[in-house]
Amino acid sequence: MKRIWKSYFSFSSKERLAMMVLLLLMGVFIAAPYIYQPAFDSPPADSALINLVQKVNADERLLNVYTKEEAKEESIKKKPVVLFYFDPNTLDLKGWQQLGLSERTSKTIVKYTSKGGRFRTPEDILKIWGMPAEIAQKLIPFIQFSKESARDYVKQTNFQETRQNAPSSIDINLAGENEWLRLPGIGAVLSKRILSFRNKLGGFVSIDQVKKTYGLSDSVYQIILPFLKIENNNIPKDDLNTVSFYQLKKRTHLPDEVLRNILVYRQKNGLFQSLLDLKNIQNMDDSIYNQLLTHVKVN
């Protein structure tokens with residue numbers, strides 16, 4: 001065993017010298033890069049390459065600017081939209097953005113109103129540059145002009161328009177479609193709805209009933225209100241001897257019990273001879289009686 005060990009790990013003097021020289025050379029090669037660092041001449045500048053690099057850097061900066069703008073727009077779009085009733089002539093920048101508009105479009109509107117521009121009808125917001133049509137359609141039902149805005153519009157309309165073209169007062173029970181169309185804010189759709197609603201009621205008994213028309217916003221109603229009138233002799237009335245429970249309910253909105261008592265009285269006592277017969281009905285007080293006088297008659 002000892003002999004085998006010596007045969008593998010014993011070296012002659014020449015072998016030991018060669019090993020030392022080899023280790024020395026290895027050390028020199030390892031240390032050389034740290035001791036000697038040659039200086040290389042920089043390559044000649046290529047002007048075309050430099051211009052290309054500068055252009056790429058400029059494009060990247062411009063792209064970053066647009067990316068930030070787009071991100072800002074996206075962040076506004078992602079904000080929850082809050083719909084509320086508003087006057088477009090007085091709403092501020094933050095309010096427009098809460099309604100879902102971008103900052104750019106909101107600034108356009110605020111700039112328009114700050115310089116004296118005015119919205120006359122809810123549909124006027126469709127004329128704003130950059131206003132998405134789908135957003136405008138969602139906002140139109142929530143537009144409510146203040147009474148001051150409505151009065152200003154009527155004054156300006158009366159001042160600017162000639163007598164021939166200016167809208168005139170109309171009787172709400174006699175006016176046809178063309179007469180309704182002459183009123184500010186009333187289009188073909190609304191005029192037909194008003195006439196249809198009037199026919200279902202059998203006629204308006206008060207001007208306030210007009211604003212119950214489907215799709216007629218309070219802001220438009222306030223604008224057309226100065227042009228509306230109703231004559232007492234034009235108020236339609238139902239014949240008390242032929243009117244049905246449904247017709248009475250639709251016209252008077254009185255309690256069901258009162259309406260049933262009227263029909264029961266007619267069934268038991270025969271036709272009404274005069275409106276004074278209503279006072280013989282149970283639970284008929286003066287307020288209900290006076291209300292019925294505006295809706296019914298006896299032929």
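Select K138 to begin; this residue is found in helix 6. The model is a predicted one. K138 is exposed, because its relative accessible area is 57% and the cut-off for exposed is over 50%. K138 and L99 stand 39 residues apart in sequence, while their C-alpha atoms are 9.5 Å apart in space.

**The whole chain**

Zoom out and colour by secondary structure. The chain has 13 helices and four strands. Of its 299 residues, 32% count as buried. Switch to contacts between residues at least 6 apart in sequence: 53% of these join residues at least 24 apart.

Next, select W96, which is found in helix 4. Is W96 buried or exposed? With a relative accessibility of 0%, W96 counts as buried, because the class takes in values under 20%. Show the residues around W96, leaving out those up to four places away in sequence. What does W96 touch? The list is F86, P88, L91, L101, S106, I109, V110 and L139. For a C-alpha distance, pick W96 and K107: the two are 11 residues apart along the chain and separated by 8.8 Å.

**Aromatic pairs**

Display the rings of Phe, Tyr and Trp. How many aromatic pairs does the structure hold? There are six aromatic pairs in the structure. Start with Y85 and F142, whose rings form a tilted pair, with 5.3 Å from centre to centre and 50 degrees between the planes. A surface view separates the two partners: Y85 is exposed, at a relative accessible area of 52%, and F142 is partly exposed, at 23%.

Move on to F86 and W96. Their rings form an edge-to-face pair, with 5.3 Å centre to centre and 75 degrees between the planes. The pair again links distant parts of the chain: F86 belongs to the loop between helix 3 and helix 4, W96 belongs to helix 4, and the two are 10 residues apart. F86 counts as buried, at 4% relative accessibility, and W96 counts as buried at 0%.

Pick Y289 together with K279. K279 lies over the face of Y289, at 4.8 Å from the ring centre.

**The largest pocket**

Which residues lie nearest its centre? Select E123, I140, P141, G215 and S217, which lie nearest the centre among the 18 residues of the lining. Colouring the lining by class gives 10 nonpolar, five polar and three charged residues.

Then highlight helix 9 (188-201) and helix 10 (218-224). Each of these helices supplies at least two residues of the lining of the largest pocket. Where does the largest share of the lining come from? Helix 9 provides this share, with three residues.

**Two loop positions**

G187 lies in the loop between helix 8 (177-181) and helix 9. At 31% relative accessibility, G187 counts as partly exposed. Select E177 as well: G187 and E177 are 10 residues apart in sequence, and their C-alpha atoms are 9.7 Å apart in space.

The last stop is Q273, placed in the loop between helix 12 (256-269) and helix 13 (286-293). Is Q273 buried or exposed? Q273 counts as exposed, with 65% relative accessibility. To finish, draw the C-alpha distance from Q273 to L240. It comes to 9.7 Å in space, for two residues that are 33 apart in sequence.

Conventions: Residues are numbered from 1 along each chain as its sequence is written. This is a predicted model: local features need pLDDT of at least 70, side-chain atom pairs count only at pLDDT 80 or more; totals for chains, interfaces and linings use all residues. Side-chain values use heavy atoms; hydrogens and water are left out. On a 1 Å grid over the protein atoms alone, a cavity is a set of points where a 1.4 Å probe fits but cannot get out, and a pocket is an open set with protein on both sides within 12 Å along at least five of seven lines; lining residues have an atom within 4 Å of a point. Ala, Val, Leu, Ile, Met, Phe, Trp, Tyr, Cys and Pro count as nonpolar, Asp, Glu, Lys and Arg as charged, and the others, Gly among them, as polar. Rings of Phe, Tyr and Trp (its six-membered ring) pair if their centres lie within 6.5 Å; planes under 30 degrees apart count as stacked, over 60 as edge-to-face and the rest as tilted. Buried means under 20% relative accessible area, exposed over 50%, partly exposed in between (1.4 Å probe, protein chains only). A charge sits over a ring if NZ of Lys or CZ of Arg is within 6 Å of the ring centre and within 35 degrees of the ring normal. Contact means heavy atoms within 4.5 Å.
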